[in-house]
Amino acid sequence: MNWLEALVHLAVVLLVPPLLLGVIQRTKARVAGRRGAPLLQPYYDLVKLLRKDVVLSRTTTWVFVAGPAVAVATAVLASLLVPFGERVAPLSFAGDIVLFAYLFGLGRFFTIAAALDTGSSFEGMGGAREATFSALAEPALFLALLVLVSLRGSLSLSGLVGEDTHILWVTAVAPVALACLSLFVVLLAENSRIPFDDPATHLELTMIHEVMVLDHSGPLLGAALWGAAQKLFVQSALLVRILVPLPDGPAPLRWVCFLAAVLALGVVIGIVESTMARLRLRQVPMLLVAASLLSAFGIVLLVR
Amino acid sequence: MSAALALVAVVLAAVSGLPGLVLPRDHVAADRSAALLLALAALCAVAATVSLVPSVPEQTLALPWLVLGERVEVGLDGLSAFFLLPTLGISSVASLYAVAYWPAHAHPRSARRLRLAFGLIAGGAGLVVISRHALAFLAGWEVMALAAFFSITAEDEREGVRRAGFIYLACTRASTLALIGAFALLHAASNGFALKALPGLDPFACRALFGLALVGFVLKAGAMPLHLWLPGAHAMAPTHVSAVLSGMLLKIGIYGIVRFASLLPPLAVSDGVFVLVLGMASAVLGVAFALGQHELKRLLAYHSIENIGIILMGVGVALLGRSLGHPEVELLGLAGALLHVWNHALFKALLFLGAGSVVRQSGSGELDRLGGLARRLPRTALCFGIGAVAICGLPPLNGFVSELLVYLGLLRAALLSGGALGLLAVSGVAALALVGGLAAACFVKAFGVVFLGEPRTAAAAAAHEAPQGMLVAMAALALACVAIGVAPQLAVPCLEAAARSFDPALGARLGDLAPFGSISLAALALLASLAGMAAWVLRRRLRPTLRVATWDCGYAAPSPRMQYTSSSFAAGLVGLFHWALWPQLDAPRLGRRPFPGTARLHTELPDPVLDRLTLPAARWLAHASTWFRWVQRGRVHSYVLYILVAIVLGFLAARGDLG
Amino acid sequence: MSELLNLLLVIVLLFNFLMLGTSRVRAVIDAAAAQGILLGLAYLTMHGASGVRALALGVAMIAIKGVIIPRILRSALRSQGIRREVEPFVSFTTSLLLGALATGLSVIFARTLPLTAADANVLLIPASLATQLTGFIVLTTRRKALTQVVGYLTLENGIFIFGLTLVEAMPFLVEAGVLLDVLVGVFVMGIVVDHISREFSTIDGEELTELRE
């Protein structure tokens, strides 16, 4: 493990995710005909939030504080499993795909628990929706990763997306495309993007993620937003590494290409969010099951 | 030596209830004596395991009794030791809990009987695990099953308890019947009662033997669809008995399956497939049913069905690996299943003990009558939270490690085999992922509705922390969960010894196949970062400057009953699974008047196999047999006529021999 | 000697038919008593010459089967105020036909058995079977408990007749068994009759159907 690359990796996951959020917001604004907030607006928001005082509800316990903390910790640790600009992630072993998925599960557990801790019916509603949709997104994620496992024969994320990803596109276009589509749907679902959830809505009854952090304020809200941004970044990084083969050059080149690709994916997410409407809640499970079926179909194509 | 120590441990456990019979009824020494004897038994079991030197695969001890012409033998090998440890360990922790939970002065009628039966469960189960003679196995099985019946019906003045006890008794009779059949076949095949390997058995006999044994053991282990007795028995029994039922009794069924599979030659591929599919169905349906439950102990019982499903998936993978000749798959599947046996025993017992604490302190197990207990029972909440995170299989706790091993087994099987088997392994991975997601949803619901938010009733608001003894027992189990999660290497020697007992041809080493070092590293990193953040929070400026009511987007006057209930939380998922669950809804008819009056809405999830299949079938059978009532006339004359007819028939039959 | 035995057995068979055809309870008891006396006489004809013991046994048998037991039954009849009709399930004609059928079948069946020449000449086996079957018919087709007791006694008589063929082979066994049977049977039946007449207000067997749920 290259210590320098590991440090760069850690710095990227700690500092860059809000930029991704800024890119998405800017894209949506431009498509809507507005100028939009500055690209660095999320950073300003985070700093503003960190400077505020802490106000807690009388009903809450240590779980309320643990929610954002666990979200951040799990997102950072999960990022160590995904290779960013390097060939091999800082922490890589056979079976780390399972750890990757379950770390986000841990973060989700505590986020929902923090929502239920407030004793509010809105947050309970958000928690219920999040629990329902993420339970259906898990098999979709695993099946998409299984397509890659069948192709590459490796049980580690670095083995799946680390090197020679162009081979994937040459040898088996259809299954990989299906897996990528499925992963994109999972990405949108897990990070509360349209068509699953509208991050810009102001109506509590239509929120999922926003309503879970309704009572978090100040530094805790900042941590929750930061953790969410990191989760989006890490999952986008995984998708980018499958889609875009990095050039076989020196490390700085690879890193720059990687970051550019992630931000480009941010633009794509922004365009998707601007052009689609939010799904009715009853249709969300169908979309997630459809994503699972896409990947399953990809596996059948491979195994036959 | 080890076998002798194991036998001593089993005997100590069995007699743990006896001193309570002679000691004064109300004295606390009676409770403590049972806990002390069980603790001694657990220590003996540990000593026996440690003294089982790895180079000697099995140690046996022949007892000076002859049963049906053969000496009764008990033995301790890797597999037996692996199951003996949680058997006696969980019993001992539960009896420690019972000192404070079911003290003799609070339950004068049932405490002595319960202590005696409790010890006999542990003793019987221990005998099953160490016996090498078919009849000793069956004797231990019966003792365990009947002692469990008496333990479940400790509060038999309640009608629900009696009903649950009878259903349990019927199922355990059926399971013993199947086992007697299996052992009869074994005797026919091996011409003796000793449990020894039969490498040359023909496939048909293998399949019949395994099939019968599977029916008997699955009835005890409680996998769907033979889980009829489980929810009722767990909900109605005293909590420490439920903990032992879930933590230990179900695993004896698993032990039986694994032991039988080890005696037979490698089974057909279809048998492994069957066990895997059974495990998948049990896991998914078990957790789906758990989602719809609104009573805490029934919820935990359905999760036991789910976890038994996961264990059976691991066993199925191991059997497939053995049939197909892939030792890594076999080792990973078996290690996953066995480690999940330990893990489930630990975290399920922890959850049940926590639930018992909640029920005792707040007076009710209904989720929608609780709430806000984390402020009133903080230590119980912490222990239950650790158990909840563990059972969802989330890192850094122990559930994750065993589920990872099963995943690895399935993934390797998917890579190594193509075609239908590969697709089956893939669907196994997807099923396990779905189960993980659903279990997380269910436990965040349970934990959230019970411990977080505001209390929904006055009883919940008045609850206070449980007594010290109960907390110590829970803390011990929670520490064990964390220990195995952070340092799974501790369990590797036992796992490897058990795997070698199962299949001596297994040469692969577990440490090479499974990334225990990386798991430890990740777990430690996670815990360290969380601890660091906690320290930062406590030290720096994250002290709240203001504590107010929940903002809730400006809602002015929320009441505790406006919080999300457990049924509402799970409604989405229950609706998605309605094709399997068949939920019942009693909705009020609001009528056409402008101002409707008070109305009630009630949702219920009756168990389909029990309430919609077995009990109606039993009632139909009782109704149909009234057609045959004319045979039972109540007149002496009819009976004499039947005797006469029988005698005449006997004459006619014997004529052939005489003439 | 065998001619005398055959004569006695034929009379026993006739008493069977009487028992089946009569409608008076008193007559049924008397028929059983008469059978008992005849069987005692049969025993005496077969073995009376063999000693004092046999003689004493024969006399005792006549006393018990012919006098004492019927006396107990008659006193029960009187004291319980039982109605004096037999009350069968099937009509008397049918009972007689059944009895005839039973006797015929016994004779046919006895022919198929591998008997010694001595036994084959005598009517012992057919009479035994016929009497047992008569006892069964009485047991199953008569309502009153008292008539059922008599049916049981008839059954015992039939068994005793069979035992007569084994007397040489196992002398003590047969006698002791038969006597004990009779004694125990009577005692049990007596107690049962007594209790039934105390538990229910009648010893009519109809009331026993209350046993069924």
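User: Which residue lies over the face of W141(B)?

Analyst: Happy to start there, and please keep in mind that this is a predicted model. W141(B) belongs to an aromatic cluster that also includes F137(B) and F183(B). The residue over its face sits 5.5 Å from the ring centre, and that residue is K220(B).

User: How many aromatic pairs does the structure hold over all chains?

Analyst: Let's look at two examples on the way to the total. The ring centres of F109(A) and F110(A) are 5.6 Å apart with planes at 65°, and since planes over 60 degrees apart count as edge-to-face, this pair is edge-to-face. In chain B, F82(B) and F83(B) have ring centres 6.1 Å apart and planes at 70°, so they are edge-to-face too. Over all chains, the number of aromatic pairs is 31.

User: Are F82(B) and F83(B) buried or exposed?

Analyst: The cut-off for buried is under 20% relative accessible area. F82(B) has a relative accessible area of 1%, and F83(B) has 1% as well. Both therefore count as buried.

User: Which side chains make polar contacts with the side chain of H340(B)?

Analyst: H340(B) is found in helix 13 of chain B, which covers residues 327-362. At 1% relative accessibility it is buried, and the residues it touches include I310(B), F347(B) and E403(B). Two side chains make polar contacts with that of H340(B), each at 2.8 Å: N307(B) and S402(B).

User: Which pair of chains has the most contacts?

Analyst: There are 2 pairs of chains that touch. Chains A and C are not joined by any contact, their closest C-alpha atoms being 54 Å apart. The most contacts are between chains A and B.

User: How much area do chain B and chain A bury between them?

Analyst: The contact takes in 69 residues of chain B and 67 residues of chain A. Of the area that chain B buries against chain A, 9% comes from T550(B), Y564(B) and F569(B), more than from any other three residues. Carbon and sulfur atoms account for 76% of the area buried between the two chains, which is about 5,800 Å².

User: What is the count of salt bridges between chain B and chain A?

Analyst: Polar contacts do occur here, with 13 residue pairs between the two chains. For salt bridges between chain B and chain A, the count is 0.

User: Which helix of chain B gives the largest share of the side that touches chain A?

Analyst: Several elements of chain B each supply at least two residues, among them helix 16 (398-416), helix 22 (516-539) and strand 3 (546-548). The largest share is 17 residues, and they come from helix 17.

User: Where does R132(B), the partner of D77(B) in a salt bridge, lie?

Analyst: The side chains of D77(B) and R132(B) meet at 3.3 Å, N to O. D77(B) is buried at 3%, and R132(B) is buried at 5%. While D77(B) is in strand 2 (residues 70-77), R132(B) lies in the loop between helix 5 (111-130) and helix 6 (134-152) of chain B.

User: Is R109(B) buried or exposed?

Analyst: R109(B) forms a salt bridge with D156(B), with the closest N and O atoms 3.5 Å apart. D156(B) is partly exposed at 25%. R109(B) has a relative accessible area of 56%, and because the cut-off for exposed is over 50%, R109(B) counts as exposed.

Conventions:
Residues are numbered from 1 along each chain as its sequence is written. Chains are lettered from A and ligands numbered from 1 in the order in which they are written. This is a predicted model: local features need pLDDT of at least 70, side-chain atom pairs count only at pLDDT 80 or more; totals for chains, interfaces and linings use all residues. Side-chain values use heavy atoms; hydrogens and water are left out. Rings of Phe, Tyr and Trp (its six-membered ring) pair if their centres lie within 6.5 Å; planes under 30 degrees apart count as stacked, over 60 as edge-to-face and the rest as tilted. Buried means under 20% relative accessible area, exposed over 50%, partly exposed in between (1.4 Å probe, protein chains only). A charge sits over a ring if NZ of Lys or CZ of Arg is within 6 Å of the ring centre and within 35 degrees of the ring normal. Helices (H or I, at least four residues) and strands (E, at least two) are DSSP runs, numbered from the N terminus. A polar contact is a pair of N or O atoms within 3.5 Å; within protein, one must be able to donate a hydrogen and the other to accept it, and residues adjacent in sequence count only if both atoms are side-chain atoms. Contact means heavy atoms within 4.5 Å. Buried area is the accessible area (1.4 Å probe) that two parts lose on being put together, summed over both. A salt bridge is a side-chain nitrogen of Lys or Arg within 4 Å of a carboxyl oxygen of Asp or Glu. Lists of a residue's contacts leave out its neighbours within four places in sequence.
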